Amino acid sequence: MTGTRIARSEIYVISYRNAKQSLLELGMNIFPDMTDSRVADVRITPDRLAVVLKDGREISAPLEWFPRLKAASPAQREEWESSAAGYGIHWPQIDEDLSVRGLLRVSGDSRTV
């Protein structure tokens with residue numbers, strides 16, 4: 001028999017990666033190290049900021065905590081962009097930046113970035 005022999009531990013690693021990817025594609029997050037704290041969406045109501053993360057978690061906080069956002073027009077609030085490789089949010093019209101780490105910290109979520 002010719003070819004490269006694969007160690008059993010390598011098969012487990014490959015299987016684990018395949019299982020992780022398959023479950024993520026189905027929207028399931030059962031592995032503790034599978035949190036993806038990058039920003040997927042931002043929603044702002046008249047009184048709250050809600051940030052949806054790629055792993056499905058949602059962080060919500062009173063808009064009062066963010067004076068620049070509160071003072072901004074709805075159009076200015078809607079124009080946001082991902083920053084810091086997805087771990088931050090930037091509103092260019094009002095020069096406001098927030099980090100997912102900071103939002104998770106104030107929300108009490110122990111699974112930080």
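Biologist: Which side chain does Asp-55 join in a polar contact?
Modeller: That of Arg-57, at 2.9 Å. A polar contact is a pair of N or O atoms within 3.5 Å; within protein, one must be able to donate a hydrogen and the other to accept it, and residues adjacent in sequence count only if both atoms are side-chain atoms. Before we go on, this is a predicted model: local features need pLDDT of at least 70, side-chain atom pairs count only at pLDDT 80 or more, and totals for chains, interfaces and linings use all residues. Residues are numbered from 1 along each chain as its sequence is written, and side-chain values use heavy atoms, with hydrogens and water left out.

Biologist: What else does the side chain of Arg-57 make a polar contact with?
Modeller: The side chain of Ser-37, at 2.8 Å.

Biologist: Where is Arg-57, and is Arg-57 buried or exposed?
Modeller: Arg-57 sits in the loop between S2 and S3. Arg-57 counts as buried because its relative accessibility is 11%. Buried means under 20% relative accessible area, exposed means over 50%, and partly exposed is in between (1.4 Å probe, protein chains only).

Biologist: Zoom out. How many helices and strands does the chain have?
Modeller: There are 4 helices and 6 strands. Both are DSSP runs, numbered from the N terminus: helices are H or I with at least four residues, strands are E with at least two. Along the sequence the pattern reads α-β-β-β-α-α-β-β-β-α.

Biologist: What counts as pairing?
Modeller: DSSP must find at least two bridges between the two strands. S1 and S2 are joined by 5 bridges. Asp-41, for instance, has Val-52 in S2 as its bridge partner.

Biologist: And what holds strands together in general?
Modeller: Strands of a sheet pair through backbone hydrogen bonds, either parallel or antiparallel.

Biologist: Now the other sheet. What is the strand order with S4, S5 and S6?
Modeller: The order is S4-S5-S6, in an open sheet of 3 strands with antiparallel pairing. S4 (81–83) and S6 (96–99) stand at the edges with a single partner strand each, so one side of each has no neighbour in the sheet. Neighbouring strands here are turned by 30 degrees against each other on average, direction ignored.

Biologist: How many bridges link S4 and S5?
Modeller: They pair over 3 bridges. Ser-83 stands opposite Gly-88 in S5, and Ser-82 has Ile-89 as its bridge partner. Their hairpin has 4 residues between the strands, and Ala-84 there takes a positive phi near 50 degrees.

Biologist: What about S5 and S6?
Modeller: They pair over 4 bridges, antiparallel. Ile-89 faces Leu-98 in S6. This hairpin also has 4 residues between its strands, and Asp-95 in the turn has a positive phi of about 50 degrees.

Biologist: Which residues of the largest nonpolar core touch the most other members?
Modeller: Leu-49, Val-51, Phe-66, Leu-69, Ile-89, Trp-91 and Leu-103, out of 18 residues. Strands S1, S2, S3 and S5 and helix H4 (100–107) each supply at least two core residues. Such a core is a set of buried Ala, Val, Leu, Ile, Met, Phe, Trp, Tyr and Cys residues joined through side-chain atoms within 4.5 Å.

Biologist: What is Leu-69 in contact with?
Modeller: Leaving aside neighbours within four places in sequence, its contacts (heavy atoms within 4.5 Å) include Ile-44, Leu-49, Trp-91 and Leu-98. Ile-44 and Leu-69 are 25 residues apart in sequence and 8.9 Å apart in space, C-alpha to C-alpha.

Biologist: Why does Ile-44 count as partly exposed?
Modeller: Because its relative accessibility is 23%. Ile-44 is found in strand S1.

How values were computed:
Axes fitted to C-alpha atoms, helices over the stretch in contact; angles between N-to-C directions.
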